[in-house]
Amino acid sequence: MTLVQQAAQVDDNDVPQIYVVDDDIEVCSSVSAVLRANGFPSQCFGSAEEFLSQAKLRVVGCVITDLQMPGINGIELQAKLREMMSPLELIVVTGFADVHLAVQIMERGAVTLLEKPYDPKQLLAAVEKALNRSRTNFRRRLETQEARSKLDQLTEEEIEIMRLAIQGLTVKAISANLVMAVRTIDRRRQSAMQKLGIQSVSEFAVLLANAERS
Amino acid sequence: MPSKKDALTSLAWQTIPYMGLAILDRQSRVCAWNDEAERLSGLLREEVVGRPWSSFSRELDPARLPVGFRCETDDGGTVGVLVGNASGHKLISYQCSPLQEASECVGYVVSLRQQELPDSSEAALSVLRERRFRTLLESIAHDVWVANATGEFVSFDTNSSNTSPAISLEERLALIHPEDRPRLIDVVQKALHSQEPFQVEARGLGPTGQWHHFSMRAVTITDAKGQLQEWVGMTQDVSEPKRLARIANRQMELLRVLADASVRILQCTDPGVLLQDVFEVTKNNCCIDAMFSFVGDSGKGDLRLDSCWGNFASLIGEQAIVQGCIAKCTQAIRSRKIVCCCDIQSTRDPELDVLRELGVQSMVCCPLIAADDLLGVLVFVGNSQSRYEDEELAFLEMLASFVAIATQRLLAVRQLCQSEARLREAQFLANIGSYYWDCVQNKIEWTDELYRIYGLDRETFRASLEAYLAMIHPDDLERVNAVIQAALTVRGRYSHEYRIVRPSGEVRWVSGTGEVLVNEENELRAVHGTCQDITQRKLAEQALAESQQRLGLIAEHIQDLFWISEMPEGRIIFASAASQKVLGRTARELVGQSFFRRTLVYGDDLKKFDAAESRQKSGLCTVEEYRIVLPDGKLRWVSDCACPLIGPGGEIRQIVGVMRDVTQGREANERIAVQHAELLQVSRLSTLGLMSAALSHEINQPLSAIANFSSAASAILERTEHDRATLVGLIENIQRQSLRAGEVVRRLRDFGKKSKRKKEPCPLNTLLEDSVTLIYVELTSRRILIHWDLQESSPVCIADRIQIQQVTVNLLMNAADALLKILDRPRVITIRSYVRDDFAVAEIEDSGPGVHGDFRDRIFEPFSTAKLQDGSLGLSICQSIIQDHQGLLGYSANQPEGACFRFSIPLGVPPA
């Protein structure tokens, strides 16, 4: 199954997943309690290893993880999730903040870093933010994937022609640029738009932008 | 519906006993204040309720907080001072969280925590730490070795002996004294066979080539199946304690001999018998082969050989030896001090040439000094013993003092006998004068002899009662008058002795007799009588009395107090001059007192003293150290060696003893102990610094759980219908978390406390768990997994909990450091507890690289692993702590990799 196909199974009506990872089981259950009381069901894991092996990782949602844990710690968990391109967003919680680690974690795209003890409201806000971001990112990534797979159907020549076309060049100008017959260029452009199922060059511009998004 | 604030208030009240809590209303006025808050702050509930929070709290600038404080700046946490009552301001950190009801602030919850101040600044501590550490390390000396099940050495951590691990077993055996070798081999082989722990003492060649006594102790380490894995042993140089014990025994033995001999010597009437006795005593007790004495008038330098004893045939010639000793005798006479020449055969002193040629090994010259008179020299010659110990010399010196006193007494007796004989001869011839006093005419007639006694001339002196009384020594006049008046009144006979003063000023003793004569009508007519000069006899008597008093002058140069008390009254009959030095009381103050020692003993030591005294009363010699109170109230440590003297009927006649001031040595030991404790405290405080991370983590865990649970509770309460069971569950969780927070604070507070240096039963498992918690953050930040393998029912050991926790924290930190090098496999520390024999054993095992071969031999050496900078102790200190607990700290390589440290502590309560 490709990522696109997998992703296609997830739609906005699905409940986003919230995972809590902390080696302190009491803290885990307290986080879970506050989430449940506010209408967010969640799942607890005692270690990053347990989480990685048991949880669904390719879903929209977020992970609230402790930073210091025996075995795989918060930073490594973040790296692992990134590596597998998981759409899960990360909220990192720590018993004592180390500035260096905090910067590292934020740079790598965590939603936020909460220092214990935190106001549960902050946590709830962070969870909402994380879920939104996860959903948005997921949708965007879906679009990117879609765009890329569409563009993959085109030949090199077709792409070249379309690129020049969205720069606003006329067919004539393109023909001069590529040293190709006007008719050939026209035919290739038609074929490309047919393959992509688009009506205008501006739609191609959007598609290309999506595909080239990192 | 009760408001949320009310619900939480009553909840906080009843359920959170270990946490200081206050509830403030919207205007920040205190509306609730629990018991723990009262205790922490010293502010009573009545004092604070209703007052605005700011009126008795003061925030502190986080930048100016003392070292060791952590200040939460987020989330409203503040460190502040509560300004309070008479007991002063308390430094409390408090954390304030708003209490919300329907997203409206209805008040605040404030949690209070006490902050403990570090004792002094870090810089001062590090200097102290360094210095004390060195002092401490110098006092540690022993070897620890590990051998496998078949007895082959695996590691040998040598410290004091000259054995090195590279040498083979045969070579090692060659270092053992040949006499002890078979016994040692036997014990070890038996132990290897039976696999029982053993202990053996043997002499071994020390680093300086002398025989040292070593005590070797070994225990077995077995695996879970009870299979013997290895031996862990300790070899300790016990020469010094042995030597001290030997000296004490020897002293006691010699003292007993001396006490016995002193009675005989002082009562002896024949100088020949006296010296024969002295010779026998020294021959039997000090390996003396010959003895001779010089006596004579030292003033004229005229000393002549008086007598010789001993087996001179074994030496070469009596005369030659006497000649050979003269130079040294002269030195002894001049200095009036004992002269001891040991190892004559190996010295180059030209004055000893003659003796060296004669094959004499040693010679001791003791001057015989009684009062200030030098009576002679006593010379002891040894042919079989090359040197004398200090206590033997002291013995000879004391013996010589007794001989001097006895000799002087004998001289006095001899003089007395001579003068008595002369008196008898001359009694009616030369020295008796007579008088006739006619009371009617008041005329006195004196014979020529009487004039001679009085040193008067018949021509110039007219005898009369008045003139006669004027001649009498003023001190005796009253007595003489009284005697005469009494005689005249009762008309009887009389006799008396008194002093007269001759016109030349010379004082003479005379003995007078008289008879009153009356007529038929019983009227007084005359008195007649005789008068005899007894000066010589009196002087001799005095000399005798004085010489007996001279016992008190023995050994004035000896520092130790020599005392004799008479039983059963315990009356002191003698105390030497050193009593001033030792007890701060003159001998005169002590003599005559009963059981004087007991009255001086410091209260805390009375039990010890009484035990020793009852042993003495049962006929045993004792050596005991206790404190005495000096007249100025100061305390002093003395070592008191006491021996009972047993009479012919088996009864204890006297107790003799020697008391020595040992304060300096004791104080040095105490100082080391105090330094040890302080060092531990210092290191603990710095470990606390290391653990400040753990502190915040450990406190923040339950606090954030509480925040979460109560927020969940709020959210549920906000709904119109809520599930009671869920709420109760949440509240129970809050309760549990607050207890947990309280427990964390307690643990840290305990660890920072000064050690009580008190050992008490404590469960080993809890101790190990607490230690891990203390450095939990350090361990997790290094991503170390702790694997627990504890005995189900915790072994209870007798230990100073804090000290053992420190050792455990150290071993854990060492393991954690070692594990940092591991990148390719899990970092695991296994912690084990079990019981082996009568010991509770804890093992800290890591999966690290293990201890490198060269280093393995030195791990217990001072400084090899000492890491002062981060506040941890070296293994050598850990070892000394464990040894202080009568346990062992051992190391073994772990299979297939890593290191395993284990310590054992005696069990307190045998496991049920």
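A word you'll need on the way: a residue is called buried under 20% relative accessible area, exposed over 50%, and partly exposed in between. Also keep in mind that this is a predicted model.

**Stop one: a pair within chain A.** Select A:Glu157 and A:Arg188, whose side chains meet in a salt bridge with 1.9 Å from N to O. Are they buried or exposed? A:Glu157 has 35% relative accessibility, so it counts as partly exposed. A:Arg188 is partly exposed too, at 27%.

**Stop two: across the chains.** Now pick B:Arg740 and A:Asp24, another salt bridge, with the closest N and O atoms 2.4 Å apart. B:Arg740 belongs to helix α22 (residues 724-752) of chain B, while A:Asp24 is in the loop between β1 (17-21) and α2 (25-37) of chain A, so this pair joins two chains. B:Arg740 is partly exposed at 22% relative accessible area, whereas A:Asp24, at 11%, is buried.

**Stop three: a sheet in chain B.** Move to chain B and colour five strands in the order β18-β17-β21-β20-β19: they form an open sheet with antiparallel pairing. Which strands are at the edges? They are β18 (443-446) and β19 (493-501) of chain B, each pairing on one side only. On average, neighbouring strands here are turned by 20 degrees against each other, ignoring direction.

Next, show helix α14 (residues 474-490) of chain B, which packs on this sheet and touches β17, β19, β20 (507-518) and β21 (524-533) of chain B. The direction of α14 makes about 160 degrees with that of β19(B).

For a look at the pairing itself, zoom in on β17 (residues 432-438) of chain B, joined to the antiparallel β18(B) by four bridges. Click B:Tyr435 and look for its bridge partner in β18(B), B:Trp446.

Select B:Arg499 and B:Asp476, a salt bridge whose closest N and O atoms are 3.0 Å apart. B:Arg499 lies in strand β19 of chain B and B:Asp476 in helix α14 of chain B, so the pair ties together parts that are 23 residues apart in sequence. B:Asp476 is buried, with a relative accessible area of 4%.

**Last stop: a network.** Finish by selecting B:Asp789, B:Arg832, B:Glu843, B:Glu845 and B:Arg902, which salt bridges with shared partners join into one network. Over all chains, the structure holds 32 salt bridges.

Key
Residues are numbered from 1 along each chain as its sequence is written. Chains are lettered from A and ligands numbered from 1 in the order in which they are written. This is a predicted model: local features need pLDDT of at least 70, side-chain atom pairs count only at pLDDT 80 or more; totals for chains, interfaces and linings use all residues. Side-chain values use heavy atoms; hydrogens and water are left out. Two strands pair if DSSP finds at least two bridges between them. Axes are lines fitted to C-alpha atoms, for helices over the stretch in contact, and angles run from 0 to 180 degrees between N-to-C directions. Contact means heavy atoms within 4.5 Å. A salt bridge is a side-chain nitrogen of Lys or Arg within 4 Å of a carboxyl oxygen of Asp or Glu. Buried means under 20% relative accessible area, exposed over 50%, partly exposed in between (1.4 Å probe, protein chains only).
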